Structures are given as structure tokens and as C-alpha cells.
Amino acid sequence: DGKFHPWMLFQVKGSVFPQACFAAFFPTVIAVALQAFVGDLEGSSLGLSAHDTVEGQVWVGVTSLLGFLMVFRTSQAYNRFWEGATSL
């Protein structure tokens with residue numbers, strides 16, 4: 001009928017959503033396991049804190065850079081799309 005329904009996200013034919021979920025599953029499991037491990041370290045007698053380590057600072061820097069690059073590239077792609085769509 002041409003209308004969008006949320007259940008359409010889960011259809012297998014013609015959708016990239018199931019493939020994206022599969023690709024995101026393993027990194028999600030790893031991230032949850034690492035978060036549990038860091039949480040164990042924070043509560044240990046070693047006195048380590050994820051916020052006080054150099055790795056935490058590097059993580060913030062890398063994620064900030066990647067976020068900026070993603071926004072920049074998405075903006076470029078959006079502009080190219082509209083330039084091509086309006087030239088037809």
C-alpha cells in the first residue's frame with residue numbers, strides 16, 4: 001500500500017536491517033564484556049578507574065574524531081545526493 005510500517009524493518013527480502021543486526025551483534029557482545037571487566041576493575045583493590053587512565057583519554061579522543069568524520073562524510077554524501085537529484 002506504499003505506507004511505512006515499523007514491522008517492515010524486520011523483513012528479510014530487500015532489507016539491510018537483518019544484516020546490520022548480525023554485523024553489530026559481536027561488537028555489542030565484546031563491548032558488554034569489556035564494560036563488565038572494567039566495572040570489576042573499578043571495584044577491585046587495585047584502585048583503577050576507567051576515567052583516570054590514559055586509555056580513557058585516548059578513547060574519548062578517538063571517538064570524538066570518528067564522530068566528527070562520520071558527520072562530515074554524511075554531510076558530503078547528502079549534498080552530493082541532492083546535487084545529483086536536482087540535476088535530473
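Reader: Hi! What does Phe 25 count as, in terms of accessibility?

Author: Phe 25 counts as partly exposed, because its relative accessibility is 48%. Buried means under 20% relative accessible area, exposed over 50%, and partly exposed in between (1.4 Å probe, protein chains only). This is a predicted model, where local features need pLDDT of at least 70 and side-chain atom pairs pLDDT 80 or more, while totals for chains, interfaces and linings use all residues. Residues are numbered from 1 along each chain as its sequence is written, and side-chain values use heavy atoms, without hydrogens or water.

Reader: And Phe 26?

Author: Phe 26 is partly exposed as well, at 46%.

Reader: Nice. How many aromatic pairs are there?

Author: Five, taking rings of Phe, Tyr and Trp (its six-membered ring) with centres within 6.5 Å; planes under 30 degrees apart are stacked, over 60 edge-to-face, the rest tilted. Phe 25 and Phe 26 are edge-to-face, because their planes sit at 75 degrees, with the centres 5.2 Å apart. Phe 68 and Phe 72 make a stacked pair, with 15 degrees between planes and 6.3 Å between centres.

Reader: Why are Phe 68 and Phe 72 about one helical turn apart?

Author: Because they lie four residues apart in helix α2. Helices here are DSSP runs (H or I, at least four residues; strands are E, at least two), numbered from the N terminus. Phe 68 is exposed at 54%, whereas Phe 72 is partly exposed at 44%.

Reader: Which residues form a ring cluster?

Author: Phe 22, Phe 25 and Phe 26, linked by ring pairs.
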